[in-house]
Amino acid sequence: MRTITTTDDLAAFCEAAKSQPYVTIDTEFLRERTYWAKLCLIQMALPGKTGEAVLVDPVEGAEMSLEPLYDLFRHKATVKVFHAARQDLEIFFVEGNVFPEPLFDTQVAAMVCGFGEQVGYETLVRKIAHQPLDKTSRFTDWSRRPLSEAQQVYALADVTHLRVIYESLAAQIAKSGRQKWVEEELDVLTDPATYTTTPDEAWQRIKTRTTSGRFLAVVKELARFREDYAQKNNVPRSRVIKDDALLELASTRPVNSEELGRSRLLLREARRGDIADGLIAAVKAGLEAKPEDLPKVDDSREQLQVNPALADLLRVLLKAKSEDLGVAARLIASASELDLIAAGQRDVPALSGWRREAFGEDALRLCKGEIALTAKGNNIKVLRL
């Protein structure tokens with residue numbers, strides 16, 4: 001097991017990777033105590049059973065530049081293979097402002113190949129690589145050094161078995177002609193908007209049943225302050241103020257530190273200093289917002305009249321299509337999307353891109369009464385009318 005801690009060694013490995021058709025990559029990180037994930041380890045492996053697999057240690061190699069890795073990410077002749085890449089990609093986007101290109105995510109590919117929804121790496125190792133996987137080091141503090149041999153073996157297994165999984169899934173995708181399906185899913189993973197939360201939009205993540213414009217204005221300002229403070233100080237949102245406490249302040253609307261101190265749910269650290277001042281200022285800003293600037297909840301979808309019988313038929317059609325195509329049903333359409341289609345909504349993901357080809361066209365025909373569903377044995381069949 002070779003561990004890389006210098007820029008020169010990383011550059012040498014990345015140059016070797018550029019001559020290969022693909023390289024498998026994974027990361028270990030911590031996020032419990034920070035807003036941004038702290039990168040603790042990068043694992044990479046080259047093709048073949050004897051292809052070199054290395055650990056890149058940015059903790060031991062604190063002076064090491066990751067630019068050689070980012071240069072590999074930009075090298076289009078080598079596919080960068082991840083499993084469940086979203087959190088890994090966020091780290092590299094935040095730290096290096098770069099996405100791997102081209103990218104292959106085995107979790108996405110596995111769903112397209114019929115392995116179920118959100119299939120785990122361990123499942124693919126067992127079903128495709130036919131190997132056991134020791135997960136005893138899954139819950140570990142990856143920032144502590146030195147790493148034990150067990151931790152290193154565990155980390156490398158996340159990229160060595162991935163080689164076999166990638167080759168198998170890539171072959172299945174090519175055979176089925178579904179490369180475009182996978183590419184559409186990966187476009188979301190390489191969209192900067194996927195990883196960007198602006199303070200002005202943070203309030204939309206908070207669940208509340210209240211639709212009062214003034215209440216929402218205070219919620220918006222409190223959420224804006226929390227997001228901005230958390231990002232600038234690299235602390236979790238919950239360390240600033242939790243959602244339940246935020247909603248409490250939007251109701252009680254404290255205007256000074258004495259009133260703020262009466263909160264039942266506010267953390268002790270938030271009752272004084274910069275956080276307390278920021279919360280009071282946010283409440284004030286929400287209360288002083290102009291009537292025309294008050295936020296509104298988009299309830300247009302809630303007002304749609306769902307045809308429950310049609311929604312049930314769409315669920316049967318989705319199940320039939322999913323089984324026929326060997327694709328996870330939830331990857332094609334969610335339950336809420338089916339309800340929207342049954343209510344007459346047409347601007348939904350299930351009716352665009354590859355999903356329209358796989359399911360959407362027949363879903364629209366079903367809504368128009370152009371097709372019917374019938375049972376034949378254990379199977380559901382589509383009949384043209």
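The legends below describe close-up views of a predicted model. Local features need pLDDT of at least 70, side-chain atom pairs count only at pLDDT 80 or more, and totals for chains, interfaces and linings use all residues. Residues are numbered from 1 along each chain as its sequence is written, and side-chain values use heavy atoms, with hydrogens and water left out.

**View A. The largest pocket.**
The largest pocket has a volume of about 1,300 Å³. A pocket is, on a 1 Å grid over the protein atoms alone, an open set of points where a 1.4 Å probe fits, with protein on both sides within 12 Å along at least five of seven lines; a set from which the probe cannot get out is a cavity instead. Grid points are joined across faces, edges and corners, and the volume is the space filled by probe spheres set on the points. Lining residues have an atom within 4 Å of a point. There are 44 of them in the largest pocket, and His 83, Ala 84, Ala 85, Gln 87 and Gln 107 are the closest to its centre. Two or more lining residues come from each of strand E2 (22-30) and helices H3 (86-96), H4 (106-112), H5 (121-129), H6 (149-176), H7 (179-189) and H14 (329-332). Helices (H or I, at least four residues) and strands (E, at least two) are DSSP runs, numbered from the N terminus. E2 gives the largest share of this lining, six residues. By class, the lining has 19 nonpolar, nine polar and 16 charged residues. Nonpolar here covers Ala, Val, Leu, Ile, Met, Phe, Trp, Tyr, Cys and Pro; charged covers Asp, Glu, Lys and Arg; the others, Gly among them, count as polar.

**View B. Ala 84 in its loop.**
Ala 84 lies in the loop between strand E5 (79-82) and H3. Its phi is near 50°, a positive value in a residue other than glycine. Ala 84 is also one of the residues closest to the centre of the largest pocket.

**View C. The second largest pocket.**
The volume of the second largest pocket is about 290 Å³. Its lining has 14 residues, and those closest to the centre are Arg 31, Tyr 35, Glu 90, Thr 197 and Arg 237. H3 supplies the largest share, three residues. The lining divides into five nonpolar, four polar and five charged residues.

**View D. Two cis peptide bonds.**
Glu 101 and Pro 102 are joined by a cis peptide bond with omega of about -5°. Pro 102 is in the loop between H3 and strand E6 (103-105). Another cis peptide bond, with omega of about 5°, joins Arg 145 and Pro 146. Pro 146 is in the loop between H5 and H6.

**View E. Helices H5 and H6.**
The axes of H5 and H6 come within 9 Å and cross at roughly 60°. Axes are lines fitted to C-alpha atoms, for helices over the stretch in contact, and angles run from 0 to 180 degrees between N-to-C directions. H5 and H6 are therefore oblique to each other; angles under 35 degrees count as roughly parallel, over 145 as roughly antiparallel, 65 to 115 as roughly perpendicular and the rest as oblique. The crossing is left-handed, a term used if the near helix is turned anticlockwise from the far one by less than a right angle, with right-handed used if clockwise. Contact means heavy atoms within 4.5 Å. On the H5 side, Tyr 121, Leu 124, Val 125, Ile 128 and Ala 129 take part, and their partners in H6 include Ala 157, Leu 162, Ile 165 and Leu 169. The contact has 11 nonpolar, two polar and one charged residues.

**View F. Helices H8 and H10.**
Helix H8 (residues 213-233) and helix H10 (residues 243-252) have axes that come within 9 Å and cross at roughly 135°. The two are therefore oblique to each other, and the crossing is right-handed. Among the residues in contact are Phe 215, Val 218 and Leu 222 in H8 and Leu 246, Leu 247 and Ala 250 in H10. Nine nonpolar, one polar and two charged residues make up this contact.

**View G. Helices H13 and H16.**
The axes of helix H13 (residues 308-325) and helix H16 (residues 353-368) come within 10 Å and cross at roughly 150°. That makes H13 roughly antiparallel to H16. H13 and H16 cross in a right-handed sense. The contact includes Leu 310, Leu 314 and Lys 321 in H13, and Phe 359, Asp 362 and Cys 367 in H16. Its residues are 11 nonpolar, no polar and two charged.
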